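Please read the points below alongside the model.

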Amino acid sequence: MIGMTTQCPAPMTHIRWQVIALVMALCFISHLNRSSMSVAGTDQIMQQYQIDPVRMGAVYSAFLLVYSICMIPGGIFIDRFGPRRALMVVGFGSAVFAALTGLLGWLGLTGASLLMSLILVRGTMGCVSAPLHPAGARAVGNWFPAAQRSWANGIVTAAAIAGVAASYPGFGALIAHVGWSAGFVICAAVTALLTIFWAVVVRDTPALHPRVNDCERAWIQHGELASVSDPTASAISWRTLLGNRSLLLVTLSYAAVGYFQYLFVYWMQYYFDKVLNLGGSTSKNYAGLLQVALALGMPLGGWLSTRWSRQGGVRRGRAWVAGGGMAASAALLGLGVFCREPAWIVTWFALAHAALGASEGPIWATAVDIGGSKGGTAAAICNTGGNIGGLIAPVMTPWISGVLGWNWGIGLGGLICLLGAFCWMGIDPHGTPQPNRRSAGGSVQ
């Protein structure tokens, strides 16, 4: 594949790296906007308005509920209008509703009124955010050769988690200086500016970009009879797509990943601060560290998936990384739950997060590969599963913890993750409904 560069009359352009850098930036800011709600809730809103954890969890789940409901329509939008327009909707929509979140704090609402308003605004923000990851995965499918898709999806999802990690110290410091209302408005402005840059610079495919030369186009498509973005690729019926066993299993597996991740996103700062009594600053740092570990595991998992797929085949390579990582994550979480020293708790939780992160790249690459010409829709179906799991975690965790204790509330995430690992025994990335399997990327990896 690399040898193709020597056959080109001119040096290869590298526009694909600009595209993926901007996808990463949009994922970063979108997830910071999403997780900043829990930072504002823990630091200021819950105390200021006397809102208890269960009711605050309803605000967090409102975003995830609507996000999940709109995921498949978002995937259809991606396949119809392309990832560029889909991410423009995500960026500009997130900016608007992040700003509205901040404006609610300046309206003088009571606790009950603010709670209902936050549920409405954050829920609508979930709708416009729905195409984010399926569009990012489709952009990767359009702009990268099949052999690099697990790795490329890994670094994109790592950027998203980096946004979550940055929200704890970054957004926490921002609202400590300007208040939570102004903090949301400032983040909205940054999101809008970044989206404008995306709209100007990016095109849906290399063929549509005026600055991509023939060498880069050939390199991206090398080894494929028809790329995922090729409009001449065979169409897939909805019945065939929804009846695909591997797509169902990868969706269930991602539901387990979503439960685990959102448990940590929304409640780990609270757990460190209010349950373990480690203090606000230390709790933010520890919660952020866990997200950094998750982000580091994502590109590593993508790289391992690519390497092991070449040695043992795509199916085994991705199953070893995704299924094995999830099983290891469940075991490591169990070790953390039974620890008493905060330093060891954080260490085991961080390792569990890193192992879980390894599954992201293989999951997204597999979903898009299975979907073929409906790669955006297939990725959206998979992400719907992830967000159904994520939707349950913010409400289920404090409820279980209130009845059985926080060790049970957190440990349940490990049990669910282990079930998700078993799904990989039946997932086949080559089990695509598209007649031309090589267009799904299986022949190269």
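1. Buried means under 20% relative accessible area, exposed over 50%, and partly exposed in between (1.4 Å probe, protein chains only). The model is predicted: local features need pLDDT of at least 70 and side-chain atom pairs pLDDT 80 or more, while totals for chains, interfaces and linings use all residues. Residues are numbered from 1 along each chain as its sequence is written, and side-chain values use heavy atoms, without hydrogens and water.

2. C127 is partly exposed, at 34% relative accessible area, whereas C70 counts as buried at 17%. The whole structure has zero disulfides (a disulfide being a pair of cysteine sulfur atoms within 2.5 Å). For C70, the nearest cysteine sulfur is that of C127, 3.4 Å away.

3. A nonpolar core is a set of buried Ala, Val, Leu, Ile, Met, Phe, Trp, Tyr and Cys residues joined through side-chain atoms within 4.5 Å. The largest has 96 residues, of which I45, M268, F272, F349 and I410 touch the most other members. Helix α11 (residues 245-275) gives the most to this core, with 18 residues; helices are DSSP runs of H or I, at least four residues, numbered from the N terminus. A second, separate core of 31 residues includes V23, I78, V90 and I220.

4. Beyond its neighbours within four places in sequence, F272 has contacts (heavy atoms within 4.5 Å) that include L278, Y286, L290 and F349.

5. In α6, H133, A137, V140 and G141 meet R149, A152, N153, V156, T157 and A160 of α7. By class, this contact has five nonpolar, four polar and one charged residues (Gly counts as polar, Ala and Val as nonpolar, Arg as charged).

Terms used:
Helix = DSSP H or I, 4+ residues; strand = E, 2+ residues; numbered from the N terminus.
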